[in-house]
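Subject: Structure handover

Hello,

Here is the structure I said I would pass on.

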Amino acid sequence: VAAAIDAFNHAAASVSGSAGIEFVDVTGISRASGEDPALTAGDGLHPSVEMYHRWVEVIGPVAERITGRWD
């Protein structure tokens, strides 16, 4: 599954780049949940608040560059 996700992300980044759209890859953060249980919600499946926070830390600066603001 990891190889398929990597291939998808590579294709999505390529297509996005061709269209002049920045691609933000949060897969590494998601994969870190295997080593850090704080990244997974109590049900053991869904992202926790901490994971969403880490995603926003990566996505936020891109959103700010695109929109001119982040709040």
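Below are my notes on one helix, the core and another helix. Please keep in mind that this is a predicted model.

Asn9

Asn9 belongs to helix H1, which covers residues 2-18. Its relative accessible area is 11%, under the 20% limit, so Asn9 counts as buried. The side chains of Asn9 and Thr27 form a polar contact at 2.6 Å. Leaving out residues up to four places away in sequence, Asn9 touches Phe23 and Asp25 as well as Thr27.

The nonpolar core

Five residues make up the largest nonpolar core: Val26, Ile29, Leu39, Met51 and Trp55. Trp55 is in contact with Val26 and Ile29, and also with Ser30 and Pro47, when neighbours within four places in sequence are set aside.

Helix H3

Helix H3 runs over residues 49-67. Two members of the core, Met51 and Trp55, are among the buried residues of H3, along with Gly60, Val62 and Ala63. The buried residues of this helix pack against helix H2 (27-31).

H3 has a kink of about 35° at Ile59, shortly before the proline Pro61. After H3 comes Gly68, with a positive phi near 85°.

Regards

Definitions and conventions:
Residues numbered from 1 in each chain as written. Predicted model: local features only at pLDDT ≥ 70, side-chain atom pairs only at ≥ 80, totals over all residues. Heavy atoms only, no water. Helix = DSSP H or I, 4+ residues; strand = E, 2+ residues; numbered from the N terminus. Buried < 20%, exposed > 50% of the residue type's maximum accessible area, 1.4 Å probe, protein only. Polar contact = N/O pair within 3.5 Å; in protein donor to acceptor, adjacent residues only side chain to side chain. Contact = heavy atoms within 4.5 Å. Core = buried A, V, L, I, M, F, W, Y, C linked by side-chain atoms within 4.5 Å. Bend = angle between axes of the 7 residues up to and from the residue.
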